[in-house]
Amino acid sequence: MSFNGIVVSAGIAFGKALTITTHMPPLDFKLLSSAQIKQQQQQLTHAIELLIKHLQHCQHHLCPECENFQLIDADIMLLEDEELQQQLHQHIAQFNVSAAVAIDRIFNQQAAELAALDDPYLANRSGDILCLAKRLISAIHGHLKWDLSTLTEDTILLADDLTPAEFAILPLKHITGIVLESGGLTSHTAILARAAGIPALLNYPFSKLSVKIKDGEQLVLDGMTGDLHIAPSATILAQLKQQQTQELQRRQALTAYKDLPSSTQDGHSITLLANVGNLSEISHVTDVGAKGIGLFRTEFLLMNAKALPDEQQQYKLYCDALQSLNGEVLSIRTFDIGADKEIPYLEQSHEDNPALGIRGIRYSLSHPDTFITQVKAVLRAANHGPIRLMFPMVNQIEELEHAMVFIEQAKAQLIEQEKGFGEVSLGIVVETPAAVFNLPSMLPLLDFVSIGTNDLTQYTLAADRTNPNLAKQFPVLSPAVIQLMSMTISHCKQAGVKVSLCGELGSDPRALGLLVGLGLDEISINPSNLLDVKAALVKGRYQDFIIHAQQVASLTRIEEIHAAIQQC
């Protein structure tokens, strides 16, 4: 039996089902009878014992000196606190409420008290208290949220959605596939899945199926067709295993392109770089022949940190990245905070429409201490290798000039502190129509420009990039977005400024002819797709790509564009 979803990361995955419910069941506030009080208190005691045992088991996989071990220790100590346990039991009895309601109230009260403290470490601990409350309520309901540390076999994970932070803690060596009920083709979780090379589907309503998927049930995720096979027959298993073998052989054959020059048959060279989000990915980009990093998403480093890394920590991280690249360029995007990327310990006020709010360069400029700290770390690291620094979501020259003032302040502070630093190339990520139209005024201040097609599409078409229901009607390859890319490239060529593309479109080999034909100097690609794109480049001719791009740019209908791309 199989059902269909939208492919967000290609490939074929085999594994046992594991469903993660990311939304807690609603609290039931109805008053309990006297006879139910003791039962709830017993459930509470059992849940606390269950969670403590689980946390202790998790610690066996960690060294006692690491931060995670110590944070688990703090959680265990809180759960073992007899005063807290007594307070929870009393709340159940006094107010005739369920154990879950008592946990929610008492832990929220403790978290609020911690958040009000002047000590930033203790204040940040309030978020841990709320997280622990959710896990304890999960234990009350018979399951523990995100308890994946003990996985030992291949697993296909099913979830309503995953945030980038939640993705970052997955035991990826045991996660062979991911199935999401929501999410968008260019959401950051989708980007992470593609970068990790994990087959994934979205818009797959597994919780609403007439046939429920049971944990432990055998699944096969076909990331080529979008099918998820539940308890597949021996025939289907054999067919898909054969397809998987063929796909692995195809990928193995692509390694022949790794050390070839990234140029067309008629000698036109394009620099192929890699998009990454952490040091682990950086250490592997040379395996696929990338000539450096075209986009280092530094905000992903913050997702599961307990506090903002200080200047020295960031400096060391950027130096480690440079060392892994062996002299190739490292393009660092400053923290792109906001929209769908929330950092728990940062001051991010609620916004009704965060995609149009304080995000990207707007956040950096309104938090100069955070911005200057990152810039200082980057400047110091530039002493040890070539670094390009680019700012996200810059729309107008005033924002760029403001950022450059802070760069000069960072340099002045480093001189005063007698810390050496190097020079960096400066660029912006073009992500809005306003940035395209205002680009001529900004180009004299820039060394390079990178086109971010994910957000450029979202802001051009007014279509939420995380909404799977809009993915087909408002794709990246639409006439308006192609025209804006063409305008950006033309502006850069006239000003003699290097122009790159770092959006997900660059990872699609079918789009390679269009992008090269439009005149890009560089393309930054997910490492798992880089050799596919390079193969398409090496097999093609530049003059053919130019003709193809001219034809595609003249089309006015989405279906015509898709048909033309398929034929390239």
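This is a predicted model: local features need pLDDT of at least 70, side-chain atom pairs count only at pLDDT 80 or more; totals for chains, interfaces and linings use all residues.
Ground rules. Residues are numbered from 1 along each chain as its sequence is written, and side-chain values use heavy atoms, with hydrogens and water left out. Local features need pLDDT of at least 70 and side-chain atom pairs pLDDT 80 or more, while totals for chains, interfaces and linings use all residues.

Eight strands close it, in the order 9-10-11-12-13-14-15-16, with parallel pairing. Strands here are DSSP E runs of at least two residues, helices are H or I runs of at least four, and both are numbered from the N terminus. Pairing takes at least two DSSP bridges between two strands. From one strand to the next, the twist averages 25 degrees. Axes are lines fitted to C-alpha atoms, for helices over the stretch in contact, and angles run from 0 to 180 degrees between N-to-C directions.

Where does strand 9 meet strand 16? Strand 9 covers residues 271–276, strand 16 covers residues 522–525, and four bridges join them in parallel. Leu-272 has Ile-523 as its bridge partner in strand 16. Helix 18, residues 530–539, lies across both strands, at about 165 degrees to strand 9.

Next, a salt bridge, meaning a side-chain nitrogen of Lys or Arg within 4 Å of a carboxyl oxygen of Asp or Glu. The whole structure has 21. One pairs Glu-504 with Arg-297, with the closest N and O atoms 3.8 Å apart. Glu-504 sits in the loop between strand 15 and helix 17, and Arg-297 in strand 10, so the pair ties together parts 207 residues apart in sequence.

Now the helices. Helix 3 (residues 82–95) packs on helix 4 (residues 99–115) at about 125 degrees, axes 9 Å apart. That makes helix 3 oblique to helix 4. Angles under 35 degrees count as roughly parallel, over 145 as roughly antiparallel, 65 to 115 as roughly perpendicular, and the rest as oblique. The contact, meaning heavy atoms within 4.5 Å, includes Leu-84 and Phe-95 of helix 3 and Ala-99 and Arg-105 of helix 4.

Last pair. Helix 14 (residues 433–442) and helix 16 (residues 479–495) pack at about 20 degrees, with axes 9 Å apart. That makes helix 14 roughly parallel to helix 16. Among the residues that meet are Phe-437 in helix 14 and Met-487 in helix 16. By class, that contact has eight nonpolar, two polar and no charged residues. Nonpolar covers Ala, Val, Leu, Ile, Met, Phe, Trp, Tyr, Cys and Pro; charged covers Asp, Glu, Lys and Arg; the others, Gly among them, are polar.
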